[in-house]
Amino acid sequence: MDRVAEAAQRSGRPPEAVHVVAVTKYAAMDQVRQLVELGHADLGENQVQQLAQRVPHIEEFLARKRTLGHASSKTHDATPPQVRWHMIGNLQRNKVKQCIPLVNLVHSVDTLRIADELHSFGARYDRTVDVLMQVNISGESTKYGVSPPAVLHLLEQLDSMMHLRVRGIMTIAPHYENPEETRSIFSRCRELFEEAKTSGVTGEHFNLLSMGMTEDYEVAIEEGSNVVRIGRAFFGEPQG
Ligand SMILES: *Cc1c(COP(=O)(O)O)cnc(C)c1O
């Protein structure tokens with residue numbers, strides 16, 4: 001968190017301008033609980049199946065904490081009243097119904113088809129679904145995401161869907177040995193983000209730029225990211 005704060009300061013912003021999502025996909029459940037007890041309220045998963053197990057587990061943990069209240073003997077218990085879950089992985093249409101009630105933000109909308117499905121879900125349950133559009137800046141064929149030239153047009157289509165609220169864009173940089181090499185990817189993504197804002201195809205809620213992971217989050221923040229998704233730096237390398 002100190003490193004996040006320092007990177008924010010280097011980009012001329014206060015530490016609280018950057019949201020840190022702890023990616024729990026490789027973490028053990030007790031590590032997740034520990035992080036929540038330290039006051040961390042934003043958690044991310046990339047699979048619906050894992051969300052379906054972990055969200056109720058943490059809910060129960062929080063409910064128990066609330067009941068115990070001040071009776072808790074731990075002196076440094078900073079457990080937040082609620083956590084926010086982020087779906088950061090590719091979402092299949094047949095999982096929308098299971099996923100959306102579990103999460104606060106979907107980072108990975110990258111086709112009109114999945115947007116349509118999310119919108120229909122929102123309409124059916126009379127709610128708004130908050131989403132980011134995933135953009136593939138590098139053009140790597142192994143990555144999901146909308147190609148940069150298609151971004152503005154698709155954003156315009158999503159913006160017309162009443163039950164979707166497009167909150168910003170997300171990108172994953174390619175893996176480089178030297179994180180400096182990701183800088184141009186992140187700055188290009190930032191430009192697209194600004195372009196979308198000034199072009200008028202998005203609404204007032206379009207203010208999240210999700211980029212940066214364990215290897216490259218400092219560079220991403222320096223280039224303007226305000227949401228980082230960090231797994232291994234919190235929980236260590238995945239076991240087995
Ligand atoms: C796993 C994952 C992360 C976190 O990666 P780390 O390298 O462990 O920080 C971030 N974003 C997405 C989309 C992921 O799948």
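**Notebook: helices, contacts and voids**

I looked first at helix α7 (residues 183-199), which has 17 residues and reaches 24 Å from its first C-alpha to its last, close to the 24 Å expected at 1.5 Å a residue. The expected span is 1.5 Å times one less than the number of residues. Helices (H or I, at least four residues) and strands (E, at least two) are DSSP runs, numbered from the N terminus.

I note the basis of these entries: this is a predicted model, in which local features need pLDDT of at least 70 and side-chain atom pairs count only at pLDDT 80 or more, while totals for chains, interfaces and linings use all residues. Residues are numbered from 1 along each chain as its sequence is written, and side-chain values use heavy atoms, with hydrogens and water left out.

**Entry: α7**

I listed the buried residues of α7 as Ile185, Phe186, Cys189, Leu192, Phe193 and Ala196. They cover an arc of only 120 degrees around the axis, which puts them on the same side of α7. The arc is that of the directions from the helix axis to the C-beta atoms. On the other side of α7, I found Ser184 and Thr198 exposed. Here buried means under 20% relative accessible area, exposed over 50%, and partly exposed in between (1.4 Å probe, protein chains only). The buried residues of α7 pack against β5, α6, β6, β7 (208-210) and α8 (217-222); contact means heavy atoms within 4.5 Å. Just after α7, Gly200 takes a positive phi of about 80 degrees.

I then checked Thr182, in the loop between β6 and α7. Thr182 counts as buried, because its relative accessibility is 2%. Neighbours within four places in sequence aside, I found Thr182 in contact with Ala173, Pro174, Tyr176, Asp216 and Val219.

**Entry: α5**

I compared the span of α5 (residues 112-124) with expectation: at 1.5 Å a residue its 13 residues should span 18 Å, and its end C-alpha atoms are 18 Å apart, which agrees. In α5, I found Ile114, Ala115, Leu118, His119, Phe121 and Gly122 buried. Seen down the axis of α5, these buried residues fall within an arc of 160 degrees, so they line one face of the helix. Arg113 and Arg124 are exposed on the other side of α5. I noted that the cover over the buried residues of α5 includes α4 (96-99), β4 (105-109), β5 (129-135), α6 (151-159) and β6 (164-171).

**Entry: Arg10**

I placed Arg10 in helix α1 (residues 2-10). Its C-alpha atom is separated by 8.7 Å from that of Ile221, 211 residues apart along the chain. Leaving aside neighbours within four places in sequence, Arg10 is in contact with Glu218 and Glu222.

**Entry: pocket and cavity**

I took the largest pocket next and recorded a volume of about 490 Å³. Of the 20 residues that line the largest pocket, Lys25, Asn46, Ile88, Ile172 and Met213 lie nearest its centre. On a 1 Å grid over the protein atoms alone, a pocket is an open set of points with protein on both sides within 12 Å along at least five of seven lines, a cavity is a set where a 1.4 Å probe fits but cannot get out, and lining residues have an atom within 4 Å of a point.

I counted one cavity of 30 Å³ or more. About 40 Å³ of space lies in the largest cavity, which is lined by Val23, Lys25, Tyr26, Gly231, Arg232, Phe235 and Gly236. For both volumes, grid points are joined across faces, edges and corners, and a volume is the space filled by probe spheres set on the points.
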